[in-house]
Amino acid sequence: MKKNLLKLMLCIWSLNAFGQAPQIEGDVLLCPWTDGTVAITNSQTYDSYQWYFKYWFLPDEFQAISGANAASFTYDWYTYDQALFKVVVTLNGETFESNTIQVDSWAWVGLVLINEMNENVIFDPNTEAFLLCEGTTFDLSINNPPYDTNITWYKNDEPIAGANLSTYTITEPGLYYVSAAPSFCPDNSSNSLEILVAWNPDCSLSIDNPNAVTNISVYPNPVKNEFTVTSQNNLMENYTLLDVTGKVLATGTVRDHEKIDISNLSAGMYLLQLKNNNQITTHKIIKE
């Protein structure tokens, strides 16, 4: 009889202690650059609170968190990634300890561009540009998943209207990149590296006469300050000088054996388009 009474008293004490012990829940999976909160979920108000943490993969003991002395604690995704939380409280001179929760943070691979190369585009290691034949296209895609949300493609740092799919078709020169986020962290957009696309002058031929390109020469090339244009038919040529993104840098006319000054340009690759009698030729100019 006494033994049964003792067991009953111990059971009642245990249930009472458990009822007074705090139970905690919180944000256990965080997106980068966000905060989470862990809090006591039972309705009991305690006399004091002290939150503790430890990293689950280390043998260290739980450490008291300075200033964490309320019924809840807000934590950042970086400091407490892979941490275990618990709270120790007091009530009427007794101390109670909560259950523990483990915090994790989302992690995913970086945003990269997949270049779907074809016979119309080549990569130039000297300029680190993708050289595209005029009138042709190639596709850029992103690694999807996880990047499937808030997709925006950019050209020359400007958003491209309507370009919100995982694949974008390149049709002209420019500096391209894409911004996107995973659906589980839609506010955490990442930018890809920039892709430089330029016209490939080796693909360009005269509109009316494909052999017209052989009638014009540009020298010296590479060039330091100025180059000379020569034409076998001794005609005046209208010229346009562009950078590799297709931006027009200069326009004018040039006669046979006339020089064009580019001393004000930085070293790099440029494109010279010459037009005469509806014939267009494009020449690659290397500035030293």
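Q: Where is P220 found, and what is the peptide bond from Y219 to P220 called?
A: P220 is found in the loop between β21 (216–219) and β22 (226–231), where strands and helices are DSSP runs numbered from the N terminus (E, at least two residues, for strands; H or I, at least four, for helices). The peptide bond from Y219 to P220 is cis, with omega near -10°.

Q: Which peptide bond is described for N221 and P222, and where is P222?
A: N221 and P222 are joined by a cis peptide bond with omega about 15°. P222 is found in the loop between β21 and β22.

Q: What kind of model is this, and how are its residues numbered?
A: This is a predicted model, in which local features need pLDDT of at least 70, side-chain atom pairs count only at pLDDT 80 or more, and totals for chains, interfaces and linings use all residues. Residues are numbered from 1 along each chain as its sequence is written, and side-chain values use heavy atoms, with hydrogens and water left out.

Q: Why is N150 called partly exposed?
A: Buried means under 20% relative accessible area and exposed means over 50%, with partly exposed in between (1.4 Å probe, protein chains only). N150 has a relative accessible area of 46%, so the term is partly exposed. N150 lies in strand β15 (residues 147–155), and its phi is near 55°, a positive value in a residue other than glycine.

Q: What makes N156 buried, exposed or partly exposed?
A: The relative accessible area of N156 is 37%, therefore N156 is partly exposed. N156 sits in the loop between β15 and β16 (158–159) and has a positive phi of about 50° although it is not a glycine.

Q: Why is strand β14 described as largely enclosed?
A: Four of the five residues of β14 (residues 138–142) are buried, so the strand is largely enclosed by the rest of the structure.

Q: How do you know that β14 pairs with β11 and with β17?
A: Two strands pair if DSSP finds at least two bridges between them. Four bridges join β11 (residues 113–116) to β14, and four join β14 to β17 (residues 167–170), so both cases meet the rule. Each of these pairings is antiparallel. S141 in β14 stands opposite I114 and also opposite T167 in β17.

Q: Why are β1 and β6 said to stand at the edges?
A: Three strands form an open antiparallel sheet in the order β1-β3-β6. β1 (24–26) and β6 (72–76) each have a single partner strand, so one side of each is left without a neighbour in the sheet.

Q: How many cavities of 30 Å³ or more are there, and which residues line the largest?
A: A cavity is a set of points on a 1 Å grid over the protein atoms alone where a 1.4 Å probe fits but cannot get out, and lining residues have an atom within 4 Å of a point. Grid points are joined across faces, edges and corners, and the volume is the space filled by probe spheres set on the points. By this rule there is one cavity of 30 Å³ or more. The largest cavity holds about 40 Å³ of space and is lined by K54, Y55, L58, D60, E61 and Q63.

How values were computed: On a 1 Å grid over the protein atoms alone, a cavity is a set of points where a 1.4 Å probe fits but cannot get out, and a pocket is an open set with protein on both sides within 12 Å along at least five of seven lines; lining residues have an atom within 4 Å of a point.
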